[in-house]
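Trainee: Can we go through the charged pairs in this one together? I'd like to see how each label gets decided.
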Amino acid sequence: MALSFTAVMNLLFTILLAQATINVSYGSRSDDVVCILSEQNALLTFKQHLVDPSNMLLSWDPTHENCCKWGGIVCNNLTGHVEELHLRDCWLQGKINSSLLGLKHLSYLDLSNNDFKGIQIPNFMGLLVSLTYLDLTNAGFEGKIPHQLGNLSSLTHLGLGVLYAYAENLGWLSGLSSLQHLDMSNVNLSKASDHWLQVINRLSSLSESHLPWCELSHIIPNNSVFYANFTSLSVLDISWNNFNSFIPEWIFNINSLMYVDLSSNKFVGPFPKSCWNLTRLKSLNVASNDMNSSLAIWLSGLSSSSSSLVSLDLSFNSLQGVLPCSNQNLTALRYLYLTGCQLNSTIISSGFLNDLVRLEYLFLDNNNIEGVISSAIQNLKSLVQLELSQNSLKGEMPTFVGNLVSLVYLDLSFNSLEGEIPTSLGNLCNLSDLSLGGNKFGGKVSNAFDSLLSVGCLSNSLTSLDLSENSFTGRLTDQIAKFKNLVSLDLRDNHISGHIPESLGKLTALQRLSIGGNQLNGSLPESLGGLSDLTFLNISWNHLEGVVTQVHFANLTNLEHLYASRNSMSLRVSPNWIPPFRRCRNVELESWNLGPTFPMWLKTQTVVDMDLSNTQLSGIIPSWLSSLTIVYLNISHNRLSGRIPDILHIDTPYSMVSMSSNMLSGPLPRITSGLAELDLSNNSFSGGIYHFLCHPLATPNHLSVLHFGGNHFSGNIPDCWMHWPELKAINLDDNNLTGKIPTSVESLRGLLSLHLRNNSLSGEVTPSLQNCKQLRVLDLGLNELNGAIPKWMGTSLLNLTILILRSNKLSGHIPFELCRLTALQILDVADNNLSGSMPKCFDNLKAMTIKQVLKDVISYSNFVGYFFEQVMVVTKGREDQYDTILPLVNSLDLSSNKLTGEIPRQLTTLQGLISLNLSGNFLKGRIPDCIGNMVWLESLDLSRNRLSGNIAPSISSLTYLSYLNLSYNNLSGKIPLSTQLQSFDASSFIGNELCGQPLSNICDEDQSKPTINNGAQKADDGDEVGRWFHLGIGTGFAVGFFGVLAPLLFSTTWRHAYFGFFGCLWDEILYKYNSLWH
């Protein structure tokens, strides 16, 4: 049928209209359209006020008369009016000129992703009434958002995100009746928290609302009447605010919602249980809140209303209960994130996974999932990424994991999986990233590689392999080179031995290589120098040796991190060597031979972390060292001498410098404010420390750790501690400091550790210390302090765990207030002039009543392995330094004083003590009968007192005792029998009236042996029955008499033990009764 004339004309008009539409694009290029002269002039004026460092507006040239052909400009194809400005990502700066108002037909303005350096959004933008699209996202605007923007009634898109701007009132948004897209991400709306929702609710056309990071703190709760008018809303993002409330139920009744992000809002309580109406929902993110519903309730609500759900993120909530048995209608789910939800299932149920037939990404890491890996996982044929790390999975890795042929990322790290790597993993031909670190896998590492190469396809696909922190043994072989596309290889902390193969240099794509913490030996292969993409190299803590030359670094042009400490290698390069790498940020070569001069090549690097400790360096510290941007510098344990450059220019926050154990001298350096930790201990510094403490370069200072111990400083401790308010640890041990402890220490409110040991300090302990209420360790030993032990120590320093006052001139009684220090583990007041009786309240020292278990090492550093708490403790007759195991030590030392009276029985309740020393006093009476209750004692010294009576038999129960000294008392009787006591030297018991092993004098009761009457054996053999009858009577009498009565009548030791046991039991009953009564 022929087309009518009208139909032909309609078709022609449609074609012309389509052509016109096509021409309205980014910068119209039609030769027929010429822009309006006034609008061209407006654009040129607009450009004059801009800074264009990237020349993005180069085409805006008055010699090019048609502005419609300029970059970023779109004109109307019919009228020539400028309608659109596309200036996104142009790095523009400067000012926004009001000449834009000359563009009367401007409907589209995009200035996003520029850098206007904090200028305010111009008020006149509210006069661009033709605008339908305005995007100022991430353009560098700051200040108050002008309310005049509310005049843009035609606006459908408003982007104000990622601005350092704020709005106190959002009422102006109500004027944007046509708005469909709103993005105010990162805008400070804290002062609009009380009305933001009501305003947004009036925008009936709104389809997307992006309000993350807006400091909102109020949302309409469930118990309020609120009608949600969001009939068109499909995207709601209010993440990263601070609502701290229940999740409102009205959100789950907006049936137009497709994407919802409620993460990181401090939402609390259970999940809403009312009927949901999220029929179109595709993505829900409620991660990082404080929700405590069971996972089953979440999934039940979603299953009933959201069969189209594709992505669900419930990570980092406190989801209770076990994994559910079914997910019902969630068959469209492809992304499921349940990281850190405290799930405590012993097994992943098959029902939980069987319904998720389309699942591609499953995150169950950082939970409490136990047992073996569930066989239900093998049904997830579409799985691309499986995260099960940081759980409690055990057993061998099942072979069915090799059936997940779509896997690209597999992470089973930090569980308790064991055995060898199954060969079925070789079937995962799409696998790119395999993380099995932190388990108990074992066998030869070559077998593990054979399993992965069993099919052959992993040699091409695998780019990241992590087998670290396992128990692999054996040698690295040339098979490693078959993984030709490896970008990251981590084999650290295993038991791999032998040489590093030369073939490792064939992995040309390698960027990260970590083989530290093994037993590798031999020399470093030169082939590693050919890995031009390598950025990270860790070969530390091995047994490598030999010489390293420039050849080993020949092509390492991208090296940024070099960790090679704790090997025995020597670096031999030319003095003027310039490495091929220039951006190396970490250089750790501890225990290498770098000497004798300081390596000049380090001057060429942008080093941030540098460890050259124990590297045989000598000479002076070069002045250029302080010009590097250093966060961590360790040049300790060398032979460096001379003075430190006058000013340490460390401006990076939380920096650390350790120059300990050298031969440095001269004046102390002044430091800049960035330095947080400074260790100059064990050098040859002398003179005073006034200049350093009292004239700091910067205020405030951020120094938190100061270690000047083991030098030759003299004079008074300056009273200038108010300049160092952030100090946490001070160590001035082993110097020649004199005078009193300064009163300005009261300003150190955050002080945790104070060491002033082994100086010549005098006077009383300053009461200013009672303001340091956080103090945990106080060591004032080996000084000349006098006066009494302050009572305030027991009332103000309640966090003390270690108190050492030994070898001073302290006098008076031990204050009973010290019994309030319930955290105290070490109390040492030995070698003073203390008198009076021992406090009977020592049983209140609760930390000493229990055996300490291994805790974290006490460290005051931001850097792992540095500034451990170190304390000298006298135990087992010698003085030892404790650091890493210090948290395990419970010790009480009151020796070498003038204490009198008896040892209180309450002392025996300190069952966690490992060392007790009461020697060198005037204590009298008996050793407490219940001393056997102190079962963890390893060292006991009661020598040089006036103790009397028998040794308590219960002492034989101290099976851990390895040092005992009871010498020079008035003890008597037989030494109790036990494996422990008889193993000690006789010197442990001399100076008493004791007998028995290990002493040579034999007890009287042991000398009287029972004799046999030979005449009785000559009785009438004929009277057999009578003989056996009388023999039975005699035997029974002997057993009864000699076994029970005779020991009690004739043996003092047995008699004391018998009645001592019941006496001790009676004392315990009375003590517990009195404790309950009071």
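This is a predicted model: local features need pLDDT of at least 70, side-chain atom pairs count only at pLDDT 80 or more; totals for chains, interfaces and linings use all residues.

Trainee: What makes Asp115 and Lys117 a salt bridge?
Mentor: Their side chains meet with N to O at 3.0 Å. The cut-off is within 4 Å, so the pair counts.

Trainee: Why is Lys117 called exposed?
Mentor: Lys117 has 56% relative accessibility. Exposed means over 50%, so Lys117 gets that label.

Trainee: And why is Asp115 called partly exposed?
Mentor: Asp115 has a relative accessible area of 24%. Buried would need under 20% and exposed over 50%, so Asp115 falls in between.

Trainee: How do you know that Arg492 forms a salt bridge with Glu469?
Mentor: Their closest N and O atoms are 3.0 Å apart, and the pair links distant parts of the chain, 23 residues apart. Arg492 sits in the loop between strand 29 and strand 30, and Glu469 in the loop between strand 27 and strand 28.

Trainee: What makes Arg492 and Glu469 partly exposed?
Mentor: Arg492 comes out at 25% and Glu469 at 31%.

Trainee: What about Arg806 and Asp828: buried or exposed?
Mentor: Both are buried. They also form a salt bridge, with the closest N and O atoms 2.8 Å apart. Asp828 is in strand 58, 22 residues away from Arg806.

Trainee: Which residues do shared partners join into one network?
Mentor: Glu469, Asp490, Arg492 and Asp493.

Notes: Residues are numbered from 1 along each chain as its sequence is written. Side-chain values use heavy atoms; hydrogens and water are left out. Buried means under 20% relative accessible area, exposed over 50%, partly exposed in between (1.4 Å probe, protein chains only). Helices (H or I, at least four residues) and strands (E, at least two) are DSSP runs, numbered from the N terminus.
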